[in-house]
Amino acid sequence: MITAYCSNCTSIPLTDFSGERKLPDDVVWIDMIEPTRDEERFVESALGIEVPTREDLKDIEPSARLYTENDAVFMTASLVWKAETDAPTLTDVAFILVGKRLVTIRYAQPKSFSLFIAALHRVPEQWRSGAALLAKLFETVIDRTAEILEISVARIDILSQHVFGDRARKVRKPANYLEEKLRDIAAHHRLVSKVRDSLASLSRLMTFFYNVDAVQKDRATKELCKTVSRDIQSLSEHASYIAGNITFLLDASLGLINIEQNSIIKIFSIASVVFLPPTLVASIYGMNFEFMPELHFAQGYPYSLGLMLISAVIPFFFFRWKGWL
């Protein structure tokens, strides 16, 4: 699907690719979403460029993601997609500057694009050129990335409260409670990792985009690019801080699991020690030797039971006195 946006912020869905392959003169942005081969040929014919394919967008080499060809600037960045789901991922988006027009090629629908399109009518007229629109689009992408990090921080804070709990209230937690929290921690780590990869991609792209002639000739666009670059740097540092908190939360959860396991093992160990003396007494009087004077006692049975009880109670209270129970 191809949608063209004019300088007056109106959108024109392009569906007919037959006849003269021309675009209206006031088109400043061509948004290609999962384009077909016919749609790619239409744009190539209308703008005189070679549109990158889906396979080209996956190339991780910087030279293949950022380059200039026939006065057209080609840039590819990885944006966070499906951030609200349990399976966030990165999608590669191509940005092409051809004269005063912007072309975007994407095979997903990141929320930053829908936010930018919804606010497109509020963009001043002096910003309605290809390079200026792209700078504004990057600003929206960074704002969306900051929103994702803010949501992650809030959710991680709630998760931290669930892991450590309220010490004032000793509520018994269900079995495998911490193991389930480990899955939540892994999900947050996955999202923050995707955000960090996206920010690294955008940082390289902004360095390249800043040196484009169309940006250098427009002072307002140049200043906006500087602001976006600073925001990317700040968000990268913030993402690293969040990743450190997630690592701490992971280590703390594993430590709490080990403490719980050690407590269970300690209970079994103490129980075995407590029942060891009674077992020893019962073993002694269970021997079948002929000369055992206690076997002829009339009160031998209650005597042996009392001895076993005393030998069990003494270690129990000793452990309580030591604070091991």
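E34 counts as partly exposed because its relative accessibility is 48%, where partly exposed lies between buried (under 20% relative accessible area) and exposed (over 50%), found with a 1.4 Å probe and protein chains only. This is a predicted model, in which local features need pLDDT of at least 70, side-chain atom pairs count only at pLDDT 80 or more, and totals for chains, interfaces and linings use all residues. Residues are numbered from 1 along each chain as its sequence is written, and side-chain values use heavy atoms, with hydrogens and water left out.

**Backbone and loops**

E34 sits in the loop between β3 and α1. Its phi is near 45°, which is a positive value in a residue other than glycine. K82 is not a glycine either, and has a positive phi of about 60°. K82 belongs to the loop between β5 and β6. G48 follows α1 and has a positive phi, near 70°.

| Residue | Relative accessible area | Class |
|---|---|---|
| E34 | 48% | partly exposed |
| K82 | 38% | partly exposed |
| H162 | 36% | partly exposed |
| T91 | 8% | buried |

**Overall form**

The chain has 10 helices and 7 strands; helices (H or I, at least four residues) and strands (E, at least two) are DSSP runs, numbered from the N terminus. Its radius of gyration is 35 Å, well over the 20 Å that the globule rule gives for 325 residues, so the chain is more spread out than a compact globule. That radius is taken over C-alpha atoms, and the rule is 2.2 Å times the number of residues to the power 0.38. Along the principal axes, the C-alpha atoms fill a box of roughly 120 × 35 × 30 Å. Of the 325 residues, 38% count as buried.

**Cores**

The largest nonpolar core has 56 residues, and W29, M75, F95, L134, L205 and F209 have the most contacts inside it. A nonpolar core is a set of buried Ala, Val, Leu, Ile, Met, Phe, Trp, Tyr and Cys residues joined through side-chain atoms within 4.5 Å. At least two residues of this core come from each of β3 (27-33), β5 (72-81), β6 (89-98), α4 (111-118), α5, α6 (177-210) and α8 (219-274). Helix α5 gives the largest share, 13 residues. A second, separate core has 22 residues, among them L23, M32, F42 and Y107.

**Helix α1**

T91 lies in strand β6. Not counting residues up to four places away in sequence, T91 touches A77, S78, L79, W81, A108 and P110. T91 and Y107 are 16 residues apart along the chain, and their C-alpha atoms are separated by 7.4 Å. H162 belongs to helix α5 (residues 130-164). The C-alpha atoms of H162 and I314, 152 residues apart along the chain, are separated by 40 Å.

Technical notes:
Contact = heavy atoms within 4.5 Å.
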